[in-house]
Amino acid sequence: MATDRFISQRLHSLDALRGFDMFWIMGADELIHKIAEHTQSSFWQGLAHQFKHVKWDGFRIYDLIFPLFIFLAGVSTPFSIGRSLEQGKSKSEVLKKVLQRGFTLVILGIIYNEGLEIKPIAEIRFSSVLGRIGIAYMLANIIYLYTKEKAQIIWFGALLIGYWLILKFTSAPGFPMGDLTEQGNFASYVDRSILPGRLSRGIHDTVGFFNNIPAISTALAGIITGIFLKNDKFQAIEKVKWMIYTGVISLVLAQIWNLDFPINKNMWSSSFVLQTTGLSLLLLALFYYIIDVKGYQKWAFFFQVIGMNSILIYLSGHFIDWDYTNNALLNWLFHICGESYSVIISVICVILIKWVFLRFLYEKKVFLRV
């Protein structure tokens, strides 16, 4: 069993869970869909259904991937930013790096959307997944730098309640107060009014500007969890139990809040934050217990390799033609497998090619740091 001192120095479960999270969007989701199409099995079709985003209200497992990543970015803060402060760096020095990273992610998000092509502003989509990660990370880290833990918990709750009250007592012009439809909710109206360029859905952006407010709470939930995990006053097994307890309570509160403020990824509703925070805590508790507490680390190496270069593999899908590489190297194999199985085998091979690429970078200690 790993010692508490070792655990406090390095969370191997954090890299593994981040890699597990990214694994699904680097091809595992498509694999589920291809198996469902091929087998026509009710089990696989039901599972594939969970790997499609909900259009508006509701929740599926696929909706957890994005907030889990933001949550884990928060968990890493006390170990990375906290270590910088412990080494004597001033808050202003650390703040500069936090701002730099946040704005770099925003810029990378725009590049991911549009490539390096020069376009009129009206045609550019400024909101992005990486942009949300950057903004939530940046603002949550500023709160972490300049407040104590109790104040961070207050910020977490205040942002969620404040966002709920804003949407409850406002709406887009011409809609009844508290309207939470895609066109009528106040957050979408603000985005249509102030965001330059185009929105992903015309009247609404799936990662809009205004609903970055509750996304900050997602990152803060991770930060608060990271502080707790770093605290040597608690035994490792106690930390596991408290993460489970808190995760379950968060899920219960999410279902209650859902009655008035529906769980909704596109609005990043307050109930959605509690739902995904609860699930994130339960997943982290599981990975932390198996990997860091019990010391079973070898099985997680596959995911750790992905987790150490998560941003890189996300960006690569837009700039590297993995399917071309796959067909160029393994087209002979797909012919051997036959038409009925070649599609499934092809998806598995793409995942493995990406992993081998990441393993090569891992061995060379080449990591994309922003």
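**Exercise 1.** Determine whether E30 is buried, partly exposed or exposed.

*Solution.* Buried means under 20% relative accessible area, exposed means over 50%, and partly exposed lies in between (1.4 Å probe, protein chains only). The relative accessible area of E30 is 39%. E30 is therefore partly exposed.

The structure is a predicted model, in which local features need pLDDT of at least 70, side-chain atom pairs count only at pLDDT 80 or more, and totals for chains, interfaces and linings use all residues. Residues are numbered from 1 along each chain as its sequence is written, and side-chain values use heavy atoms, with hydrogens and water left out.

**Exercise 2.** Locate Q40 and W268, and classify each as buried or exposed.

*Solution.* Helices are DSSP runs (H or I, at least four residues), numbered from the N terminus.

Step 1. Q40 is in the loop between helix 2 and helix 3 (42-50). Its phi is positive, about 55°, although Q40 is not a glycine. Its relative accessibility is 54%, so Q40 counts as exposed.

Step 2. W268 is in the loop between helix 10 and helix 11 (270-293). W268, also not a glycine, has a positive phi of about 50°. Its relative accessibility is 0%, so W268 counts as buried.

**Exercise 3.** Describe W242 by its place and its accessibility.

*Solution.* Step 1. W242 belongs to helix 10 (residues 236-258).

Step 2. With 45% relative accessibility, W242 counts as partly exposed.

How values were computed
Helices (H or I, at least four residues) and strands (E, at least two) are DSSP runs, numbered from the N terminus.
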